[in-house]
Amino acid sequence: MARLRSVTSDRPSTPAADNSSNSDRDRLLDLVKTKAIIHGKVTLSSGKEADYYVDLRRITLDGEAAPLVGSVMRDLTAGLHFDAAGGLTMGADPVATAMLHDAAAAGGRLDAFVVRKAEKAHGLQRRIEGADVAGRRVLVVEDTSTTGGSALTAVEACREAGAEVVGVAVIADRSTGAKERVEEAGVPYLFAYGLSELGLA
C-alpha cells in the first residue's frame, strides 16, 4: 500500500514556501475572525453555555477559506506521519477533504474517511466510510472541539477498525478541556488557532 511519508513531505522547504504557508495562515485567521465568530449567549453541543460561538462551517464550506484550511492543517500536522484523515461527521468531513485536495494539489496523496455517529443498519453496515483505515496510520480532525468528545469517539472507532491514530488536529481550540481529555487518552492534540489569536481570550 502506498503511504504518504509525511503530510507535507511533498512541499519544498524554501523561504518562499514558508512565506506562502504564513500567508495562508494569516488569511485564514482573518476569515475566521470576520465570518465565523458570533457573539452572544449560546448553548454548545456539549451542553455548556458560552458568550460566543465559533461557526467554523462558515469557513470549511467557504470557497475562499476551505483551500486555506487544507493548507494550514497540513502545515500544522507536518511532524506527524499518516496517510488518511477524517473524523466524526459532520464537522470533520470538510476539514479532511480540504486536506485531501491540498495534498493532491501538491502532488501528494492523502485519503479521507468519515466516522458515522452510529453504524449503518443496511448496506455494508460500516461505521467508517471512505478509505479503509485498517492497518493504517490516521489523523483524526475536527473544525473545533469543546470537550474532546467527538474527537475521542472518532479515535475509538478508528482503533476498533484496526487503525493507528497518530493525533487529533483541530482548526480552533476553545480552551475548555478538549486538549487535556484527548492527551489523557494517549493521543497528541494540535490546534491551528487558540483563543488569544481569535481575540476571545
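The model is predicted, so local features are taken only at pLDDT of at least 70 and side-chain atom pairs only at pLDDT 80 or more, while totals for chains, interfaces and linings use all residues. Residues are numbered from 1 along each chain as its sequence is written, and side-chain values use heavy atoms, with hydrogens and water left out.

Seven helices and eight strands make up the secondary structure of the protein chain; these are DSSP runs numbered from the N terminus, with helices being H or I over at least four residues and strands being E over at least two. Of the 201 residues, 49% are buried, where buried means under 20% relative accessible area, exposed means over 50%, and partly exposed sits in between (1.4 Å probe, protein chains only). The chain exposes about 9500 Å², and 50% of that comes from carbon and sulfur atoms; the areas are Shrake-Rupley values with a 1.4 Å probe, and for residues only the protein chains shown count as cover. Taking contacts (heavy atoms within 4.5 Å) between residues at least 6 apart in sequence, 68% join residues at least 24 apart.

Now the sheet. Six strands form an open sheet in the order β5-β4-β3-β6-β7-β8, with mixed pairing; two strands pair if DSSP finds at least two bridges between them. The edges are β5 (128-130) and β8 (189-193), and each has a single partner strand, so one side of each has no neighbour in the sheet. From one strand to the next the twist averages 30°, with axes fitted as lines to C-alpha atoms (for helices, over the stretch in contact) and angles running from 0 to 180 degrees between N-to-C directions. β7 and β8 run parallel and are joined by four bridges; alanine 172 has tyrosine 193 in β8 as its bridge partner.

Two helices lie across this sheet. α5 (residues 149-160) lies across β3, β4, β5, β6 and β7, at about 165° to β6. α4 lies across β3, β4 (111-115), β6 (137-145) and β7, at about 125° to β6. With 13 residues, α4 reaches 19 Å from its first C-alpha to its last, close to the 18 Å expected at 1.5 Å a residue, the expected span being 1.5 Å times one less than the number of residues. Buried residues in α4 include Val95, Ala96, Met99 and Ala103, and the cover over its buried residues includes α2 (57-60), α3 (65-76), β3, β4, β6 and β7. After α4 comes glycine 107, with a positive phi near 85°.

Most residues other than glycine have a negative phi, and most peptide bonds are trans. Threonine 89 and methionine 90 are joined by a cis peptide bond, with omega about 15°, and methionine 90 is in the loop between β3 (84-88) and α4 (93-105). Serine 175 has a positive phi, near 55°. That serine 175 lies in the loop between β7 (164-173) and α6 (178-184) and is exposed at 54% relative accessible area.

As for aromatics, rings of Phe, Tyr and Trp (its six-membered ring) pair if their centres lie within 6.5 Å; planes under 30 degrees apart are stacked, over 60 edge-to-face and the rest tilted. The count comes to one pair: tyrosine 189 and phenylalanine 191, tilted, at 6.3 Å centre to centre and 50° between the planes. Tyrosine 189 is buried at 6% relative accessible area, whereas phenylalanine 191 is partly exposed at 30%.
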